[in-house]
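Dear colleague,

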Amino acid sequence: MHVPSFEVIQTWLQLHSEWLGPTIALMALLESLVIVGLFVPGVAIMFALGALAGSGLMSPVTMLLWGIAGAAIGDGISFQLGYHYHHKVRNWWPFNKHPEWLKKGEVFFHNHGDLSIALGRFIGPVRPVVPVVAGMLDMSPKRFYLVNILSSIPWSPVYLMPGFLAGAAVQSHGKIPTEFFCLILGLLTLALILPVLIHWLTTKYLPANVFKSSIVTLLIVAIALITLQCYGEFLPYNIKIAAELNTLGMPYLQETMATLTWFGSLKLLCIPMLLVGAISIYKVGRRQVIMWLSAFVGLQASVWALKWFIHSPRPPLAVGNLDPFSFPSGHTANATFLLIGVAIYISSHMVYVPRILTLASGVMLAFLVGLSRLVLHDHWLGDVVTGLTLGMLWLSVALYLDSKKRPVR
């Protein structure tokens, strides 16, 4: 039987773009499906399909919705198979040849409970196994489908947006803004260096001492940035960066950045925050959740106090239903606190390399949210830098309080 190559399928999809959405959903389903997902090169295929969408065949929001649907259905089918067949799954190929694959999924599920459904989506070796294990171990279907659907939302942009960006860049007929991609490369390098540095410091010194030093350092930096803003020292740099972004010629990035900026929106993050908080109360106790919540409330209070005290206006090109004051960037601060905080939680039981990569992903997402605020002309450079600093400051406060309540390992 002749199986068409992906190049043939790609050409066909370019001619029949109405089938691109269902194809994205189908591949997301197969990538998440038990057994099948073990052999499907999901990252490469989703990148290629994202590139097709980015070439002008589909808007990023539509693409992401198809990806969310396929991922949720794929994990749902896997769960139902485990829920109905239970330990008979162990006799299926290839689990009868490689029982350790299911064993890894069981250990992961026991370590993380309900959150394993969300975390497992982003960890290759257990990705197609955790949902079937959850079904085998009789996880409540209501609980599973709630976590399944919510965790599909961040999965879709992580797997599809890199390809979409690449496809959109190629569609610009070779006029790729070199400066912009150099900036992305620089941010990626910094996102990799920071977790390595923090990991080295926390292994050399007590975590509580590292986080305490971070609080002092970041507080000094924040005060310095606020002082520069009050004396107008940011103004020439703000204008210069805004002008350079206007001349880069990146119309294809507008929709992408509008999607990325969601990661700093409390409207999007409130439901996952409540879910994680409820599960964390059950797993680690009410006191630690209250400490993290207090740090987050402190972040919100500091952001809004600065906004209303300094009264810095937004860029002239800012549009939409925005509050009138620009400094500092609340979206960037929220993304820094929440995305890096989640990355720290996810990576807490990982070995060195996966842990660094997970932390770097959280840092890079926070950077991209800040960059999206600049590209969309919603904030100035000084707003974003100060938002990053405040997010890291209050995250350090939360980590310091948390480390004081945990035994030294």
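Predicted model: local features only at pLDDT ≥ 70, side-chain atom pairs only at ≥ 80, totals over all residues.

Which residues of H2 are buried? They are Leu20, Gly21, Thr23, Ile24, Ala25, Met27, Ala28, Leu29, Glu31 and Ser32. Helix H2 is thus mostly covered, with ten of its 13 residues buried.

The protein chain contains 18 helices and zero strands. Of its 409 residues, 49% are buried. Among contacts between residues at least 6 apart in sequence, 80% join residues at least 24 apart. The chain exposes about 20,500 Å², and carbon and sulfur atoms supply 71% of that area.

Asn148 lies in helix H9 (residues 141–171) and has a relative accessible area of 1%, which is under the 20% cut-off, so Asn148 counts as buried. Its side chain reaches the backbone oxygen of Ala72 at 2.9 Å. Leaving aside residues up to four places away in sequence, Asn148 touches Ala71, Ala72, Asp75, Gly76, Ile117 and Arg121.

Leu190 belongs to helix H10 (residues 178–204) and, at 37% relative accessibility, counts as partly exposed.

Most residues other than glycine have a negative phi, and most peptide bonds are trans.

In the loop between helix H5 (60–85) and helix H6 (99–112) lies Pro94, and the peptide bond from Trp93 to Pro94 is cis, with omega near 10°. The loop between H5 and H6 also holds His86, whose phi is positive, near 45°. His86 is partly exposed, with a relative accessible area of 26%.

In the loop between helix H15 (286–310) and helix H16 (330–346) lies Pro328, which is joined to Phe327 by a cis peptide bond with omega of about -5°. His311 is placed in the loop between H15 and H16; its phi is near 60°, a positive value in a residue other than glycine. At 45% relative accessibility, His311 counts as partly exposed.

Yours sincerely

Notes
Residues numbered from 1 in each chain as written. Heavy atoms only, no water. Helix = DSSP H or I, 4+ residues; strand = E, 2+ residues; numbered from the N terminus. Buried < 20%, exposed > 50% of the residue type's maximum accessible area, 1.4 Å probe, protein only. Contact = heavy atoms within 4.5 Å. Areas by Shrake-Rupley, 256 points an atom, 1.4 Å probe, with all protein chains shown as cover. Polar contact = N/O pair within 3.5 Å; in protein donor to acceptor, adjacent residues only side chain to side chain.
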